[in-house]
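Work through the exercises below with the sequence and the coordinates open. Each task is followed by a solution in steps.

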Amino acid sequence: MPPREGIERLEETVTILKRMWTEKEFDFEGRYYTLKGNRNEPKPVQPSGPPLLIGGWGNRTLRLVAEHADIWNIPGPPHNQIDYITERSRVLDEHCAAIGRDPSEISRSVQVVISYDTIEATRRQVLELVHAGLDHIVLSLPRGYPQGVAQWLTDEIIKPVRAELPDA
């Protein structure tokens with residue numbers, strides 16, 4: 001599927017989801033999807049629906065994030081470097097400005113693959129991402145989990161990073 005089609009399909013999907021969460025019954029006629037008499041019960045607890053997370057980093061995806069998402073997610077190191085993530089975050093801010101949305105309404109989420117061998121480098125990456133404005137850090141553990149990995153993660157990454165943050 002060409003990227004343009006993927007974005008167009010995602011945009012239709014977002015429209016459908018929001019209507020499912022807020023309307024009793026509706027019809028939808030899009031380029032890719034058609035629904036007649038669509039119902040979704042029970043409705044979500046939140047009147048406007050659950051928070052919507054959209055992941056990606058292309059310009060068209062970031063425009064969609066600015067228009068619809070509550071949370072933006074991007075893969076972090078080692079897949080995308082911090083300077084690239086920061087630049088993409090600035091592009092998201094520009095899209096928000098263009099449509100009159102406050103960029104602080106969008107939570108910024110990143111997944112960081114933990115390295116068991118370079119703990120200090122991982123801590124530094126997490127701190128840099130927090131300082132770059134990402135407020136939801138997902139710590140991904142590679143397979144081959146050591147014994148007591150959850151406690152290790154807490155002791156070696158989470159507690160030392162939190163100790164470095166002024167508001168922790």
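**Exercise 1. Which residue of β5 is the bridge partner of W72?**

Step 1. The partner of W72 in β5 is R108.
Step 2. Strand β4 covers residues 71-75 and strand β5 residues 107-113; they run parallel and are joined by five bridges. Strands are DSSP runs of E of at least two residues, helices DSSP runs of H or I of at least four, numbered from the N terminus. Two strands pair if DSSP finds at least two bridges between them.

The model is predicted: local features need pLDDT of at least 70, side-chain atom pairs count only at pLDDT 80 or more, and totals for chains, interfaces and linings use all residues. Residues are numbered from 1 along each chain as its sequence is written, and side-chain values use heavy atoms, with hydrogens and water left out.

**Exercise 2. State the strand order of the open sheet and find its edge strands.**

Step 1. The order is β3-β4-β5-β6, four strands with parallel pairing.
Step 2. β3 (53-55) and β6 (136-140) each pair on one side only, as the edge strands.
Step 3. On average, neighbouring strands of this sheet are turned by 25° against each other, direction ignored.

**Exercise 3. Describe the packing of α1 with α2.**

Step 1. Two packed helices are described by the angle between their axes and the distance between the axes. Axes are lines fitted to C-alpha atoms, for helices over the stretch in contact, and angles run from 0 to 180 degrees between N-to-C directions.
Step 2. For α1 (residues 3-22) and α2 (residues 59-68), the angle is about 10° and the axes are 10 Å apart.
Step 3. α1 is therefore roughly parallel to α2; angles under 35 degrees count as roughly parallel, over 145 as roughly antiparallel, 65 to 115 as roughly perpendicular and the rest as oblique.
Step 4. Contact means heavy atoms within 4.5 Å. Among the residues making this contact are I7, L10 and V14 of α1 and L64 and H68 of α2.

**Exercise 4. Describe the packing of α2 with α3.**

Step 1. The axes of α2 and α3 (residues 82-99) cross at roughly 50° and come within 9 Å.
Step 2. This makes α2 oblique to α3.
Step 3. The contact includes L62, V65 and A66 of α2, together with V91, L92 and I99 of α3.

**Exercise 5. How many helices and strands does the protein have, and in which order?**

Step 1. There are five helices and six strands.
Step 2. From the N terminus on, the elements run α-β-β-β-α-β-α-β-α-β-α.
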